[in-house]
Amino acid sequence: MADSDEDRDETMSDEDVRSPEMDEMEGVDEQFVQEDCLTALTSKDYIMEPNIFVVLKKYLQAGGSPEKVVQLLSDNYTAVAQTVNVLAEWLIQTGVDIKEVQVLVESHLKDMVIKCFDPKKADSIFTSEGEIPSWLAEMIEYPTWRSLFYKLAEEYPDCLMLNFTIKLISDAGYQGEITSVSTACHQIEVFSRVLRTSISSFLEGGEEAIEKNLQEFTKMVCHGEHTYLYSQVLMHILAQEPKGGFNIKRLCQELQKCANEKGLEITPITMALSGAAAYPRACQALSSMLSRQALNPADITVLYKMYSEADPPPVDLIRVPSFLNLLIDTLFRPPSRVNPDHKSKYMYLLAYAASVVDILKKGGRKSVNKEELKPTIQALEKTQSLCTENKASSELIADVGTLFQCLKFPVVSMGVLKWVDHTVSEPSYFKLNTDHTPIHLVLVDEIATNHILLHQKALDLLIRLFEGSYEELDVLVRLELKKKLLDRMVHLFSGGCVIPVVSYIRKCQDTQDTDISLIRYFVTEVLDVIAPPYTSDFIHLFLPLIENKDITGSIKSEDGTDPVSEFIVHCKTNYIVN
């Protein structure tokens with residue numbers, strides 16, 4: 001009998017041992033699940049939610065009423081998405097282009113997402129999926145939604161869902177788009193990939209790519225000290241390569257310049273990468289001046305003595321752009337207040353950095369080539385003396401031959417360009433100067449002729465002058481002055497600075513803030529100096545100016561033999577013009 005009782009106890013099911021308390025607890029749990037599901041199901045358009053089937057299954061398993069589910073979903077169905085689709089179809093039927101409708105809907109949806117985005121909810125949805133949501137993988141395939149993620153990532157850098165999405169975008173091969181996303185700076189894998197892509201685009205695109213994308217690239221690299229250091233160390237290593245190394249070094253220097261302009265203290269990093277640790281006295285002198293962004297005669301004397309020795313430090317140590325700019329500013333920016341006792345030291349260091357070449361071999365320096373040092377110093381001395389004597393334009397004409405000879409040295413041209421900039425920027429300069437073409441503008445022409453690398457700086461100066469108001473001048477005098485400045489731009493154009501010059505004039509036309517007669521004058525002058533074949537970039541920029549009747553209508557002839565008509569016919573005949 002006992003055996004049978006034991007057997008009965010062992011074969012008792014879970015239902016046989018359930019207590020009333022357990023049944024009550026389970027009932028409470030099911031009731032709680034139902035209420036939680038009902039809260040979701042009463043939401044507007046919940047039938048459109050991606051997790052609708054998960055909630056339905058949970059509700060029904062908890063003993064929920066199927067009839068109630070149907071009633072709730074139908075009562076709360078407002079069909080927002082379907083209504084949008086209907087409206088979009090109506091717009092298309094009325095003649096609106098389908099792409100325009102798509103952009104309209106997507107733009108509004110983007111605005112709504114940005115307005116209502118909640119990073120906590122995004123993270124909870126993201127983690128509850130347990131895997132990459134299929135809708136996210138689909139979204140990052142489209143530029144519109146990638147740009148949405150970039151914007152949200154900038155605003156919510158701590159959102160896990162957005163950080164992961166940025167990594168997904170990078171993994172998908174779109175890293176070239178995310179140089180402006182600061183959240184990429186928190187993920188070394190994404191940052192490295194974006195950095196590599198950006199550097200490659202700079203090397204392949206040249207000067208135009210640097211000018212176009214440097215600002216966003218700098219924003220990313222200068223996100224923090226860790227990103228700046230990582231980028232500079234990587235590029236410093238790449239700069240040692242014989243192929244393309246100098247281009248990388250240029251990029252490093254552009255980053256240093258931008259970081260300085262942002263007020264970042266990068267001097268220790270700059271000194272460490274330049275090898276200054278091996279020359280503690282030179283390092284201390286340079287660091288002191290670079291940190292304060294001001295020259296000091298005592299520190300200059302230390303450097304002068306070291307670079308005057310038989311075995312000087314490497315020239316790269318003082319080839320820091322911000323240091324060279326300080327030297328040029330001190331010597332050429334009027335009024336120059338350099339102590340005569342120290343002026344020669346300033347010039348020596350500037351000339352040394354600009355002209356001396358360290359001849360390297362494996363393991364160290366083989367020799368130092370100083371052949372250009374003495375003539376560079378002499379050119380600097382002559383030019384600086386002429387620039388600081390405050391001679392009037394008419395007096396400078398007698399020395400123009402000397403100036404032209406000295407301008408063959410790039411470092412001298414840099415100094416003269418800075419001196420010209422400050423001289424002609426004086427409010428009374430053009431009011432008092434009665435020359436047909438002021439000598440200072442002639443010097444800009446000569447600099448542009450001699451040095452292609454200074455074209456952009458010369459153009460920047462001419463643009464600032466061209467955009468001046470000159471209210472003190474008569475209207476006709478003002479127009480003549482701006483024509484002189486346009487002549488300088490055409491000279492730059494003829495010297496190879498084509499796209500930057502034409503791009504600026506196009507901007508003047510597009511913004512409609514420039515007298516149309518000046519645009520016409522520029523077009524006429526350019527037509528006199530150009531000849532086919534033309535690049536597609538040039539045609540794209542210049543042809544709209546030519547085809548504008550307000551600009552060229554008065555200079556076209558009826559028989560079509562004028563330069564305007566000939567240019568249009570040539571372009572339409574030989575090129576595909578959109």
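**View 1. Contacts of serine 322 in the predicted model.** Beyond the neighbours within four places in sequence, serine 322 is in contact with Asn260, Leu290 and Gln293. The model shown here and in the following views is predicted. Serine 322 belongs to helix 18, which spans residues 321-332. With a relative accessible area of 13%, serine 322 counts as buried, because the cut-off for this class is under 20%.

**View 2. The cis peptide bond between proline 532 and proline 533.** Proline 532 and proline 533 are joined by a cis peptide bond, with omega at about 5°. Proline 533 is located in the loop that runs between helix 29 (516-529) and helix 30 (536-547).

**View 3. Tyrosine 470, a residue other than glycine with positive phi.** The phi angle of tyrosine 470 is near 50°. Tyrosine 470 sits in the loop between helix 26 (455-466) and helix 27 (475-494). In general, most residues other than glycine have a negative phi.

**View 4. Glutamine 512, a residue other than glycine with positive phi.** Phi of glutamine 512 is near 55°. The loop between helix 28 (498-511) and helix 29 contains glutamine 512. Glutamine 512 has a relative accessible area of 67% and is therefore classed as exposed, the cut-off for that class being over 50%.

Terms used
Residues numbered from 1 in each chain as written. Predicted model: local features only at pLDDT ≥ 70, side-chain atom pairs only at ≥ 80, totals over all residues. Heavy atoms only, no water. Helix = DSSP H or I, 4+ residues; strand = E, 2+ residues; numbered from the N terminus. Buried < 20%, exposed > 50% of the residue type's maximum accessible area, 1.4 Å probe, protein only. Contact = heavy atoms within 4.5 Å.
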